[in-house]
Amino acid sequence: MMRPDQLIDNLVADLRPVRRAPSPARALAIWLAVTVPSLALVIWLMGLRPTLPLRPAFLLDQALALSTAVIAAYGAVCAGRPDQPTWKLALPVVMMMLWLAVMVGQCALMTIGGKPGVLALHIDFACVPAMALAGFIPSITMVLLLRLSPIFRTNHACLCGALAATAAAEFALRLFHAEGSFLTLLVWQMGSVIVLTISGSVIGKWVLARLPGGMRIWPIPT
Amino acid sequence: MSASWLGVKRKIVADDQTEWVAWLIAAQQGDRRAYAALLTAAVPWLRRRARGRWPQMSGADIEDIVQETLFALHRSLDLYQPPRPVAPFLFGIMKLRGADVRRQRVRHAMREANLDDLPVTSPAMATNAIQEAALDHAAMREAMATLSQRDREILDMMKMREMSLQEASAHSGLSIATLKVGTFRAIKRLRRAMGVDDAP
């Protein structure tokens with residue numbers, strides 16, 4: 001440990017002008033500006049489903065997926081800012097739980113209501129790569145945004161960033177990918193969201209750590 | 001929302017000097033005088049806040065947290081968004097770095113053994129001339145000063161802070177292989193600088 005005045009001298013001598021990082025709201029706007037056209041392109045390339053089930057349950061699911069994506073993206077860019085309140089970081093988790101609870105609730109209601117075929121589980125491998133494809137550009141954009149400045153809560157930022165990308169991808173997926181039974185949707189699509197969020201978080205942290213300059217605060221050499 | 005939390009929040013806002021905002025904005029533009037003024041004003045304030053937040057910590061640990069906060073502020077100058085108050089920004093950095101320091105202390109404590117119960121004449125405490133020389137901090141510091149900046153950084157991460165290879169890699173952006181080779185070479189150079197002859 002060095003003397004405080006010596007440390008201050010070293011830090012002052014090392015000072016260089018910095019370009020201010022975008023505010024969380026601006027960073028979110030940048031992410032949306034890239035994500036929305038990329039998802040539109042994927043939907044266009046894959047082809048919009050001919051018959052969209054525009055029932056209230058579907059619209060509610062889509063609204064929750066979209067809200068989770070936006071709130072998680074905001075949570076990711078806020079996580080690296082030391083002066084952001086903790087509730088902003090907890091919000092993506094709450095949204096994800098709400099989304100999952102609504103989906104499970106819908107499945108339970110349909111089962112109790114005796115709707116046929118609700119609990120039929122089919123294999124739907126196609127939705128995993130489709131979701132990974134749709135989430136690719138949003139993920140890359142998020143990594144680049146998180147790279148703009150050193151970040152503090154790295155794990156939280158990566159987890160929220162991955163959740164944002166997969167929730168956005170799930171939103172797009174349901175517009176171009178035909179659904180099977182509700183249980184298939186719950187297991188395969190929501191399962192893919194969870195698996196891709198966790199793996200995306202791990203990969204994102206790994207990528208961030210290996211880019212030049214690292215990802216975390218690190219004392220300057222003295 | 002608890003009354004005590006509100007009290008803390010109000011205190012932070014009250015403590016925040018308006019000139020700190022001007023100093024930090026100027027520091028972002030590279031003004032060294034404003035930066036020095038900000039850091040000088042911030043040190044006693046951070047020390048007070050750290051003591052209030054972690055009353056059980058020793059003076060040395062508090063000083064460690066304050067210095068870590070200054071380092072972190074230095075690397076995060078671009079994150080400040082004017083005209084937001086500076087105090088919550090600094091306090092936020094201190095909370096996060098303080099938590100890191102505390103975690104590190106706990107990790108180290110788990111690897112340490114208490115030798116208080118050993119008699120001073122115990123052979124377990126015996127050292128020889130080479131070990132004493134190696135433990136001579138002054139000589140070590142002098143030898144460290146002769147090393148390159150990169151060697152010092154690597155030794156600081158791997159030996160002083162006892163980071164794992166993964167942690168050091170995440171912190172510095174260097175690959176694990178580079179860190180391994182770098183540590184080996186830095187130790188070799190340090191030993192040479194301290195006059196220790198390695199067997200061929």
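This is a predicted model: local features need pLDDT of at least 70, side-chain atom pairs count only at pLDDT 80 or more; totals for chains, interfaces and linings use all residues.
Close-up 1. D83(A) sits in the loop between α3 and α4 of chain A; helices are DSSP runs (H or I, at least four residues), numbered from the N terminus. Not counting residues up to four places away in sequence, D83(A) touches R84(B), P88(B) and F89(B), a contact meaning heavy atoms within 4.5 Å.

**Close-up 2. The pair D83(A) and R84(B).** R84(B) forms a salt bridge with D83(A), and the closest N and O atoms are 3.1 Å apart; the term stands for a side-chain nitrogen of Lys or Arg within 4 Å of a carboxyl oxygen of Asp or Glu. Across the interface of chain A and chain B, the rule finds 1 salt bridge. The side chains of D83(A) and R84(B) are also joined by a polar contact of 3.1 Å, that is, a pair of N or O atoms within 3.5 Å in which, within protein, one must be able to donate a hydrogen and the other to accept it, while residues adjacent in sequence count only if both atoms are side-chain atoms.

**Close-up 3. The interface of chain A and chain B.** The contact takes 42 residues from chain A and 49 residues from chain B. About 4100 Å² is buried between the two chains, 63% of it given by carbon and sulfur atoms; this area is the accessible area (1.4 Å probe) that two parts lose on being put together, summed over both. Between chain A and chain B, 9 residue pairs are in polar contact, with both residues at pLDDT 80 or more. On the side of chain A that touches chain B, α1 (4–13) and α7 (182–210) of chain A each supply at least two residues, and α1(A) gives the most, with 6 residues.

**Close-up 4. The largest nonpolar core.** Of its 49 residues, W31(A), W99(A), M142(A), F176(A), M190(A) and V193(A) touch the most other members; such a core is a set of buried Ala, Val, Leu, Ile, Met, Phe, Trp, Tyr and Cys residues joined through side-chain atoms within 4.5 Å. The largest share of this core, 13 residues, comes from α6(A).

**Notes.** Residues are numbered from 1 along each chain as its sequence is written, and chains are lettered from A and ligands numbered from 1 in the order in which they are written. Local features need pLDDT of at least 70 and side-chain atom pairs count only at pLDDT 80 or more, whereas totals for chains, interfaces and linings use all residues, and side-chain values use heavy atoms, with hydrogens and water left out.

Definitions and conventions
Buried means under 20% relative accessible area, exposed over 50%, partly exposed in between (1.4 Å probe, protein chains only).
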